[in-house]
Amino acid sequence: AELLNQYAQDDGFGDADREYFESLLKGTTESSVALDAEIGSLVDRPVAQLDPVEHAVLMIGIHEFLQSPDVPYRVVINEGVELAKRFGATDGHKFVNAVLDRAARSLRAAEQSAAVRA
């Protein structure tokens, strides 16, 4: 609730989908252990060593892959990359792109196969 209130005071929050934002915030915080386990299986270093912004973006992306099948995997990857470009380290978006692409191959395999056939 405290985080939600903090973000709700930011300029531009009125343009955001509050319900979806709340869903992401609640989903990532409540499932952080499971999300970190999934991320850990996709990266070459301990999750605790990830840049905090990249870690947060990956948590959101993995959560969306698992809980929001209506959001196309390409949109999840693109939004993650854009967040990393805006808020992360200089080349952090490349790392985020690679990890989310790897995650999509396993978590959204059917969707990727359908996209290839189309």
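Reader: How many helices and how many strands does the chain have?

Author: In this predicted model, the chain has seven helices and zero strands, and from the N terminus on its elements run α-α-α-α-α-α-α.

Reader: What makes the radius of gyration of the chain agree with a compact globule?

Author: A compact globule of 118 residues would have a radius of gyration near 13 Å, and the chain has 14 Å, so the two agree. Along its principal axes the C-alpha trace spans about 45 × 35 × 25 Å.

Reader: Which residues touch the most other members of the largest nonpolar core, and which element gives the largest share?

Author: Among the 23 residues of this core, Ile 39, Leu 58, Ile 62, Phe 65, Ile 77 and Leu 100 touch the most other members. Two or more residues come from each of α3 (32-40), α4, α5 and α6 (92-107), and α6 gives the largest share, six residues. Every member counts as buried because its relative accessible area is under 20%.

Reader: What is Leu 100 in contact with, leaving aside neighbours within four places in sequence?

Author: Leu 100 has heavy atoms within 4.5 Å of Leu 58, Gly 61, Ile 62, Phe 65, Val 76, Ile 77 and Gly 80.

Reader: Which residues are closest to the centre of the largest pocket, and which element gives the most to its lining?

Author: The largest pocket holds about 1,100 Å³ of space, and of its 31 lining residues Tyr 7, Phe 21, Ile 60, Leu 83 and Phe 87 are closest to the centre. The element giving the most to this lining is α5, with eight residues, and by class the lining has 18 nonpolar, six polar and seven charged residues.

How values were computed:
Residues are numbered from 1 along each chain as its sequence is written. This is a predicted model: local features need pLDDT of at least 70, side-chain atom pairs count only at pLDDT 80 or more; totals for chains, interfaces and linings use all residues. Side-chain values use heavy atoms; hydrogens and water are left out. On a 1 Å grid over the protein atoms alone, a cavity is a set of points where a 1.4 Å probe fits but cannot get out, and a pocket is an open set with protein on both sides within 12 Å along at least five of seven lines; lining residues have an atom within 4 Å of a point. Grid points are joined across faces, edges and corners, and a volume is the space filled by probe spheres set on the points. Helices (H or I, at least four residues) and strands (E, at least two) are DSSP runs, numbered from the N terminus. Ala, Val, Leu, Ile, Met, Phe, Trp, Tyr, Cys and Pro count as nonpolar, Asp, Glu, Lys and Arg as charged, and the others, Gly among them, as polar. A nonpolar core is a set of buried Ala, Val, Leu, Ile, Met, Phe, Trp, Tyr and Cys residues joined through side-chain atoms within 4.5 Å. Buried means under 20% relative accessible area, exposed over 50%, partly exposed in between (1.4 Å probe, protein chains only). The radius of gyration is taken over C-alpha atoms; the globule rule is 2.2 Å times the number of residues to the power 0.38.
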